[in-house]
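Subject: Structure for you to look at

Dear colleague,

I am passing on a structure that I would like you to open beside this email, and below it I set out what was found. Please read slowly and keep the model in view as you go.

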Amino acid sequence: ELGPGLRRLGQILKDQVPAWGGGWGGWTPPGTPPGPRPPEEADVVVVGGGVVGWSVAYWLKALEGQRHGMRVLVVERDPTYSRASTVLSVGGIRQQFSLPENIQMSRFSASFLRDINEYLGVLNEPPIDIQFQPSGYLFLAPPQGAARLEATVRLQREEGVQVALLSPTQLKAKFPWIDTEDVAVASYGLEDEGWFDPWTLLNAFRRKAVSLGVHSCAGEVRGEGGGDTQRGTPPLPPLGPPRLTLPPKNLQVHMPDSLEYQPVACAIVVNAAGAWAGELLEAAGLPGGLRRPPLPIQPRKRYVYSWHCPDGPGFSCPLLIDTTGAYFRRDGIAGNYLGGMSPSEEEEPDPGDLSVDHDFFQERVWPRLARRVPAFASLRPRGAWAGYYDHNAFDRNGVLGPHPKLENLFLAAGFSGHGLQHAPAVGRAVAELVVKGRYESLDLGRLGCGRL
C-alpha cells in the first residue's frame with residue numbers, strides 16, 4: 001500500500017504546487033517576469049533584439065572560430081515585437097543610394113539574402129523563404145532634380161549596380177499607368193531590388209543565433225552599475241584621445257512587468273537599440289564628458305497605409321518614389337497596395353505612441369498618389385499602422401563602430417529607414433570589429449562616430 005500511497009501524494013503535490021516555468025499546467029507564480037532570466041555574466045551584451053541586433057549576435061558566433069567560445073546575450077524590451085521597427089516596415093531593399101558605403105552594404109545584403117539558407121539554415125528545420133518580390137525601385141525626378149539623379153546613377157553604376165535611366169517617353173512605355181507630368185527622368189533598379197517579409201528575416205537570424213549558443217532575454221537596459229553619475233565628475237575633453245576602455249560593468253537589465261532587475265557583468269556592449277539608441281546612451285550612467293558629442297538618433301513616427309484599387313498597377317508594379325516624396329508598392333497580386341510619405345519637419349507627429357493620423361493620408365498622401373497614378377483616384381483605404389524610424393538627425397546614415405571615447409562600447413543604429421535591408425552587412429561589420437579588431441568584408445570607417 002505504501003507505493004500507491006506515495007504516488008497519490010505525488011500527484012496531489014503536482015496538482016497543488018505547480019512547477020516553476022510553466023511545468024505542470026503552464027502556471028507561473030504572480031509577479032514572476034516572463035521568459036528566461038539573463039545570465040549573470042556575458043562577454044558581449046547586444047542591447048536591442050531587432051534585426052540589426054540579432055544579425056550582430058549571429059555574426060559574432062559565426063566569426064568567433066570556436067563553438068561556445070564567446071557568451072553573447074541579446075536583450076530586447078519588447079519580446080512581442082508589437083512596436084519594433086523591423087516588423088512594422090514595408091520590407092524594401094534597394095541598391096539606389098547616393099553614398100558608396102550604403103550601396104556596398106545593399107549589395108552584400110542582397111547576396112546574403114539570395115543564399116540565406118546557406119547562412120541561416122538550421123538542421124532539421126524547414127528552409128527559409130523570405131518571399132522576395134524582385135520588382136525594383138522606381139525613383140522619379142522633376143526637372144530641378146534631374147542632374148542630381150543622373151549623377152547618383154553614375155555613382156551606382158561605378159559600384160556595379162544594374163540601374164536604368166528612363167526618359168518620360170520610356171517611362172510611359174514601360175509603365176502606362178503613370179502620369180509623367182513634371183517628371184524629367186526616372187531611375188529604375190533592374191536587379192536585387194524589391195521587398196521581402198521582415199518578420200521572416202528577423203526570425204531566421206534569431207533562430208540561427210540561438211542554435212549557435214546565443215542567449216536572449218526580455219528586459220530593458222536602463223543603466224550601467226558602477227558608472228559615476230555625480231555632478232562633481234570632471235568632464236573629459238570633448239574631442240581627441242585618450243580613449244578609455246571601461247572594465248567589465250554591471251548592466252542593469254530590468255525585467256518586464258516587474259520591479260526586479262538582474263545585473264549582468266560584461267566586457268563589451270553593442271548599442272543596437274534602434275530609435276532609442278541615443279536615449280540609451282544618455283541613460284547609461286556615464287560621466288557627462290563621455291556623452292559628448294551626443295548621439296543624434298531620435299525616434300520618428302512614420303505611417304504606412306494600405307488600400308485596394310482593382311484597376312491599379314499590375315504585377316510589374318515597382319516600389320515607386322514620387323517627385324513629391326510619396327511612395328507606394330504592390331502588396332500581393334489582388335489589387336492591394338501599401339504606401340505613405342514622410343511628413344515635413346513642421347508636421348512631425350509625436351512619437352510618444354503609435355496611433356495613426358488617417359487625415360494625413362486623406363489630405364497629404366492620397367492627392368499625390370492620385371495625381372501620379374490616375375487609377376488611384378478611386379482607391380478604397382483598408383487600414384494603416386505606424387512604426388519608428390531610428391532617425392539620424394546629422395546625415396540620415398547609420399552610425400557604426402566603437403564609441404569615440406569608449407573602446408568597448410559599439411554602436412549600430414541611426415539607419416533612418418534602411419536598417420532592415422542593411423542588417424546582414426551591418427551585423428557582419430560590427431562583429432568583425434569586435435572579433436578581429438578591423439573591418440574585413442566592407443570598409444565602413446566613414447560611418448563611424450568620428451563624423452559626428
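Predicted model: local features only at pLDDT ≥ 70, side-chain atom pairs only at ≥ 80, totals over all residues.

H2 and H10 are oblique to each other, because angles under 35 degrees count as roughly parallel, over 145 as roughly antiparallel, 65 to 115 as roughly perpendicular and the rest as oblique. They pack at an angle of about 40°, with their axes 7 Å apart, where axes are lines fitted to C-alpha atoms, for helices over the stretch in contact, and angles run from 0 to 180 degrees between N-to-C directions. The helices themselves are DSSP runs (H or I, at least four residues), numbered from the N terminus.

Residues are numbered from 1 along each chain as its sequence is written, and side-chain values use heavy atoms, with hydrogens and water left out.

Helix H2 (residues 51-63) also packs with helix H7 (residues 198-211), at an angle of about 30° and with the axes 9 Å apart, so H2 and H7 are roughly parallel to each other. Their crossing is left-handed. The contact includes Trp-54 and Tyr-58 of H2 and Leu-201, Phe-205 and Arg-206 of H7, and by class it has 8 nonpolar, 1 polar and 2 charged residues.

Helix H10 (residues 419-436) has helix H3 (residues 100-114) as another partner, and the two axes come within 7 Å and cross at roughly 95°; H3 and H10 are therefore roughly perpendicular to each other. Among the residues that make this contact are Met-105 and Phe-108 of H3 and His-422 and Pro-424 of H10, and the contact divides into 7 nonpolar, 5 polar and 1 charged.

What divides the lining of the second largest pocket by class? That lining has 7 nonpolar, 5 polar and 3 charged residues, and a pocket is an open set of points on a 1 Å grid over the protein atoms alone, with protein on both sides within 12 Å along at least five of seven lines, lining residues having an atom within 4 Å of a point.

Methods
Helix = DSSP H or I, 4+ residues; strand = E, 2+ residues; numbered from the N terminus. Left-handed = near helix turned anticlockwise from the far one by under 90°. Contact = heavy atoms within 4.5 Å. Nonpolar A, V, L, I, M, F, W, Y, C, P; charged D, E, K, R; others polar.
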